[in-house]
Amino acid sequence: MQALTVYCGSYLGNRQCYVEAAERLGTCLAEREITLVYGGAQVGLMGALADSVLGAGGQVVGIIPKSLNQANLVHQGLTRLEVVDSIHDRKSRMLALGDGLVALPGGFGTLEELFEALAWCQLKLHQKPCAVLNVNGYFDALMSFLDQATHQGFLTPANRNLLLEASTPEDLLAVMMQPLND
C-alpha cells in the first residue's frame, strides 16, 4: 500500500482517545512510508492526523474544494494540496489516490464518504479495502446496524464483509493488507 485515504472528523470529539488514535495512525503511516490522502483541513481529527504524519516525516496530500479553501481551515504545511471544484470532485479524487479507505470517528461527512466508497466497492467500481478504526467502540452501533441489514436481507454477507474494522492502527493496517473476499 502506497497511499491511504482517511475520512475523519473536523472536530476532535470529546474523548482524548480519538485524538490519540488519529495521531498513532499518522505515525504508523509515516513509519511504513504510506502517504496520507485526506480532506486537507487543519482542524479536528483531520488536523491531528496530518500533523502526526508530517511530524513523523511522512507525506500528506490534502484535497479540498474551492468553497472550503480558506486560510483558517486549510492545513498550510502539507506535502501537496489539491484544490478541486466541488465536494464530489474531492471524494472522487480522494478515492482515486488511495490504495485503501479508512474512516476514523466523525460525523455526517465522514459517514457519507465512507458509504459512498463502500457502495462503489459493492458495484465493483473499485476493489480497494474499506475499513473503520473502531476507537473506543465508536462504530459498534454502525457495525450492528450493518449486521441487521444483512439479517433482514438488504445486504448480502459478501457485501457486509466489505467493511473491515480494527480497534488499533496497527491491526487496521494489517487487516487492510489482506486480499478482499468475493
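## Nonpolar cores

A nonpolar core is taken here as a set of buried Ala, Val, Leu, Ile, Met, Phe, Trp, Tyr and Cys residues joined through side-chain atoms within 4.5 Å, where buried means under 20% relative accessible area with a 1.4 Å probe and protein chains only. The model is predicted, so local features need pLDDT of at least 70 and side-chain atom pairs count only at pLDDT 80 or more, while totals for chains, interfaces and linings use all residues. Residues are numbered from 1 along each chain as its sequence is written, and side-chain values use heavy atoms, with hydrogens and water left out.

The largest nonpolar core has 33 residues, of which Leu 4, Val 6, Leu 29, Leu 36, Val 102, Leu 104 and Leu 172 touch the most other members. Elements giving two or more residues to this core include strand E1 (3-7), helix H1 (16-31) and strand E2 (35-38), helices being DSSP runs of H or I with at least four residues and strands runs of E with at least two, numbered from the N terminus. H1 supplies the largest share, seven residues. A second, separate core of 24 residues includes Met 94, Leu 114, Val 132 and Leu 142.

## Surroundings of Leu 36

Beyond its neighbours within four places in sequence, Leu 36 is in contact (heavy atoms within 4.5 Å) with residues including Leu 4, Val 6, Leu 29, Leu 49 and Val 61.

## Residue classes in the pocket lining

The lining of the largest pocket comprises 16 nonpolar, eight polar and three charged residues, with Asp, Glu, Lys and Arg counted as charged. H4 gives the largest share of this lining, five residues.

Key. Buried means under 20% relative accessible area, exposed over 50%, partly exposed in between (1.4 Å probe, protein chains only).
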